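Visitor: Could you walk me through this one slowly? I am new to reading structures.
Guide: Gladly; here it is, and then please ask whatever you like.

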Amino acid sequence: LVFTGRPRLAKHLLQNVIRQWFSRLPEICETVRGLVSNAEDAARALLAGDLAALGACLSTYWSQKKVMAPGSEPAAVGEMRRRLEPGLLGFTLAGAGGGGFAMLVTKEPNVHAWVREVLRDC
């Protein structure tokens, strides 16, 4: 769990999610079905102790969240994600997105120092 350094303002993001849902656009309906399927996959990965699969589910969730809430990844958070990506199995922002806390599943255990080093200039 890493603080992004960006406070999140979920009110506007959540309003957009509700608008998206009520629009019933095919992309939104498909994404909601994908959210359910991905949550089931994540539960199976967690029960199996499969961190690589769980990480993939987190990253898929983040992609789905960005479809549901365009603008939920500020440029600084995107840059943070891109810098960390080589050492990650998965990434997502907690809550509605926009900032706050990022959840990371790293390829290697105990890489706190590496994460701090990568994020030093963000």
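This is a predicted model: local features need pLDDT of at least 70, side-chain atom pairs count only at pLDDT 80 or more; totals for chains, interfaces and linings use all residues.

Visitor: Let's start with helices. At what angle do H2 and H3 pack?
Guide: Helix H2 (residues 26-48) and helix H3 (residues 51-68) pack at about 160°, and their axes are 9 Å apart. That makes H2 roughly antiparallel to H3. As for the terms, helices (H or I, at least four residues) and strands (E, at least two) are DSSP runs numbered from the N terminus. Axes are lines fitted to C-alpha atoms, for helices over the stretch in contact, and angles run from 0 to 180 degrees between N-to-C directions. Angles under 35 degrees count as roughly parallel, over 145 as roughly antiparallel, 65 to 115 as roughly perpendicular, and the rest as oblique.

Visitor: And which residues of H2 and H3 meet?
Guide: On the H2 side they include Ile28, Thr31, Val32 and Leu35, and on the H3 side they include Leu54, Cys57, Tyr61 and Met68; contact means heavy atoms within 4.5 Å. By class, the contact of H2 with H3 has twelve nonpolar, five polar and two charged residues. Here Ala, Val, Leu, Ile, Met, Phe, Trp, Tyr, Cys and Pro count as nonpolar, Asp, Glu, Lys and Arg as charged, and the others, Gly among them, as polar.

Visitor: Is Met68 buried or exposed?
Guide: At 8% relative accessibility, Met68 counts as buried, where buried means under 20% relative accessible area, exposed over 50%, and partly exposed in between (1.4 Å probe, protein chains only). Leaving aside neighbours within four places in sequence, Met68 is in contact with Asn16, Val17, Gln20, Ile28, Thr31, Val32 and Leu35.

Visitor: How far is Met68 from Pro86?
Guide: Met68 and Pro86 are 18 residues apart in sequence and 26 Å apart in space, from C-alpha to C-alpha.

Visitor: Okay, what about H4 and H5?
Guide: The axes of H4 (residues 75-84) and helix H5 (residues 112-119) come within 10 Å and cross at roughly 130°. H4 and H5 are therefore oblique to each other. In this contact, Met80, Arg83 and Leu84 of H4 meet Trp114, Val115, Val118 and Leu119 of H5, and the residues divide into six nonpolar, no polar and one charged.

Visitor: Switching topic: how many aromatic pairs are there?
Guide: The structure holds two aromatic pairs. Rings of Phe, Tyr and Trp (its six-membered ring) pair if their centres lie within 6.5 Å, and planes under 30 degrees apart count as stacked, over 60 as edge-to-face and the rest as tilted. The rings of Phe3 and Phe101 have centres 5.3 Å apart and planes at 55°, so this pair is tilted. Phe3 lies in strand E1 (residues 2-3) and Phe101 in strand E3 (residues 101-106), 98 residues apart, and the pair thus links distant parts of the chain. Phe3 is partly exposed at 46% relative accessibility, and Phe101 is partly exposed at 40%.

Visitor: And the other pair?
Guide: The rings of Trp62 and Phe91 have centres 6.1 Å apart and planes at 75°, so the pair is edge-to-face. Trp62 in helix H3 and Phe91 in strand E2 (residues 88-93) are 29 residues apart, and their pair also links distant parts of the chain. Trp62 is buried, with a relative accessible area of 2%, and Phe91 counts as buried at 3%.

Visitor: What else touches those two?
Guide: Arg81 is in contact with Trp62, Lys66, Glu73 and Phe91, leaving aside neighbours within four places in sequence. Arg81 counts as buried, at 14% relative accessibility.

Visitor: Last one: what is the phi of Arg24?
Guide: Phi of Arg24 is near 55°, a positive value in a residue other than glycine. Most residues other than glycine have a negative phi. Arg24 lies in the loop between helix H1 (10-23) and H2, and Arg24 is partly exposed, with a relative accessible area of 44%.

Definitions and conventions: Residues are numbered from 1 along each chain as its sequence is written. Side-chain values use heavy atoms; hydrogens and water are left out.
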